[in-house]
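Subject: Structure for your review

Dear colleague,

Please find below the structure that I am handing over to you. My findings follow directly after it.

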Amino acid sequence: MSAAAIPRLNAPVATNLAAPPDRLWRRVLASRRATFGGGGLLLIILLCFGTLPWTWEGSSSAVQYNRQHDQFSRLPPSSSGRPADIDLSAWNERETKLAGYEIRSRLGHVWRWLGTDTQARSLLGRCLFGGVISLSIGFAAAAISVTLGVAVGLIAGYRGGWVDATLMRIVDVLYGLPYILLVILFRIAFEGARPKWMSMLFKDSSMSMVVLFLAIGLVSWLTMARVVRGQVLSLRAQPFIEAARAAGIPERRIFLHHLLPNLVGPIIVYASLTIPSAILQESFLSFLGVGIQSPLPTWGSLASDGLQPALNTIHSDWWLLLFPCTLLAFVLLCLNFLGDGLRDVFDPRNEAAKI
Amino acid sequence: MIRFLISRLVQFPLILAAIYLVTFFMAWVVPGDPFQKTDKNLSPQALMQRRREFHAENWRTFLVYYSGRVVRHADFGQSMQYDEWSVNDILKSALPVSITLGLFALIVALLGGVGLGTVAAVRRDGLLDWLSLSIALIGVSLPGFVAAAMLFIFFTAKLHWPPIGEWGHLRDLVLPGVALALLPMAYIARLTRVSMLDILGNDYVRTARAKGLSRGVVIWKHALRNALLPVLSYLGPAAAYTLTGSFVVEKVFNIPGLGQHFVNSILNRDRTMILGTVIVYSFFLLTFNLLVDVSYAFVDPRIDVTSDRGDA
């Protein structure tokens, strides 16, 4: 009997995913939480990645992330007025210089919409470029955690027995180690003994970025593995998997066509929750001073660099903390809303009664 | 139940030993020498002498000597970074501080999180749902150091409350406790909301309402008790996280807790200190996870703890 002759056995069970895709889309769009989160995230992604031609290293624009606009350090955002404690003659001189500078600059005064930092670099450019790196770290961590976590969880849950026991004990041990130790050690170890092919592929500054991607990604797959394993365990007990096996469907096919589709829901949800936690982990590493290497910005490193000047009570450079933090918090809020919204959509029992 | 307990108690030291070994080798492979990082610039002979004091000529001698010492006397030895301190001394002075603060934070997180989560679930998609969830989400949407620094600035620097001084008053616990509680509180709120939504759809909830019980009683007594199960399983890691201290909170509020030793030991490659702090943390984590698993049996007698729950 060929596999094609068997009636379709992957009936909807644990999730609503088996519903036609267009209906699923409609449900995602109907969830206010998910649309708000997804829309906001998309907006920021477009903004950060869309402005890359101006902010990346090779650009000659005024908002290039590492361009120093000599003498114009610590400018407050835009032309919002002069700080009260600068004396007028000096201020006017500075304003005149700025006006001349801006006429020469092709972008007008866009570069100082968000002010400049202590090294006279445009905060707008740094925030945009930092967003590219922060988001990439998040997505890289999610990608690694999906591949590794799903593979381990699938195998452990489906095989059971000693394979399951061994894999889960490994996860237990890694779980017991504090992740921050793992990240820092990974980072330091990679820095010390970087493989030759890596230094051939990447420049020194971007090396620190790749190492950070790997380090954060490699510690964030544990939850995913546990979730997937739990899901597989409960799926395996369902009649449709047993029926598929009894019908002689090859294991690979059961994996790909019967198990995996039912796992997509939880995987998407947990992946969308991995991204914010990875971005936060990076900000913590920046705070410790083992984050990304210095001229490269991330939202986390911008915030931790801005902490001191912004909290200075005598002359507060508040914009250095406010803008990176707002962006960071907004994106994390969006991602969390998206994750929660998706969980509601994928949860079959989501029609909770009103009492 | 007894068999389950025994098997878990046997596994306990084994997992702890595995964590010890993994940490040991990770601390050893990391480049950088704890003895060369001091500014004293030791001569090769003196360096060798220092190494011999620690039995750290190579990893084999150190593993054998040090592990024996840890197992027999529960003694983590001298700190490699601070000459005059032993790891046990540091743990003894820092751990009580972290535990006091952590307990306070844990209570705040639990009460706040469960309250916010329940309100959000009952008013699903209403204004209160959005509001309470946003409050909870701010806890996870700001880097810890920013949230802690904001609290510090607004209260201590602007309002002069609590006054800056020696650590030791009860009021000193409030701000760092809240800062420490933000993250677990947000998580607990979301867990409660999701499982509460689940529970509220059950028949017995409708029955309780139908027989005339008030909304409040049904929600806070009947439903909440069952909705707390997922929260319970999160309490294990949450307790380990809060009780062993947080680097950020301790740094911002200048608290002599364990969290800073944790991070500093790693940055300084202080191998004995790394092992000491990691083992303490893992011990807390494993103990609380075990307690949580056992408590399942009491909270919900239907749960068979001995079967593999595949905890999702």
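In this predicted model, A:D172, A:V173 and A:G176 of helix α6(A) meet B:I15, B:A18, B:I19 and B:V22 of helix α1(B). The residues of this contact divide into five nonpolar, one polar and one charged. Two packed helices are described by the angle between their axes and the distance between the axes. For α6(A) and α1(B), which spans residues 2-29 of chain B, the angle is about 65° and the axes are 9 Å apart. The crossing of α6(A) and α1(B) is right-handed.

As regards the interface as a whole, 44 residues of chain A are in contact with 44 residues of chain B. On the side of chain A that touches chain B, two or more residues come from each of α6 (161-176), α7 (179-192), α10 (222-236), α12 (251-288), α13 (299-311) and α14 (319-346). Of these elements, α14(A) gives the most, with eight residues. Sorted by class, this side of chain A has 27 nonpolar, ten polar and seven charged residues.

I also examined one helix of chain B. Helix α12(B), residues 259-267, is mostly covered, and seven of its nine residues are buried. The buried residues in α12(B) are B:G259, B:Q260, B:H261, B:F262, B:V263, B:S265 and B:I266. Just after α12(B), B:R269 takes a positive phi of about 55°.

With kind regards

Key:
Residues numbered from 1 in each chain as written. Chains lettered and ligands numbered in written order. Predicted model: local features only at pLDDT ≥ 70, side-chain atom pairs only at ≥ 80, totals over all residues. Contact = placed C-beta atoms within 7 Å. Helix = DSSP H or I, 4+ residues; strand = E, 2+ residues; numbered from the N terminus. Nonpolar A, V, L, I, M, F, W, Y, C, P; charged D, E, K, R; others polar. Buried ≥ 20, exposed ≤ 12 C-beta atoms within 10 Å, placed from the backbone. Axes fitted to C-alpha atoms, helices over the stretch in contact; angles between N-to-C directions. Left-handed = near helix turned anticlockwise from the far one by under 90°.
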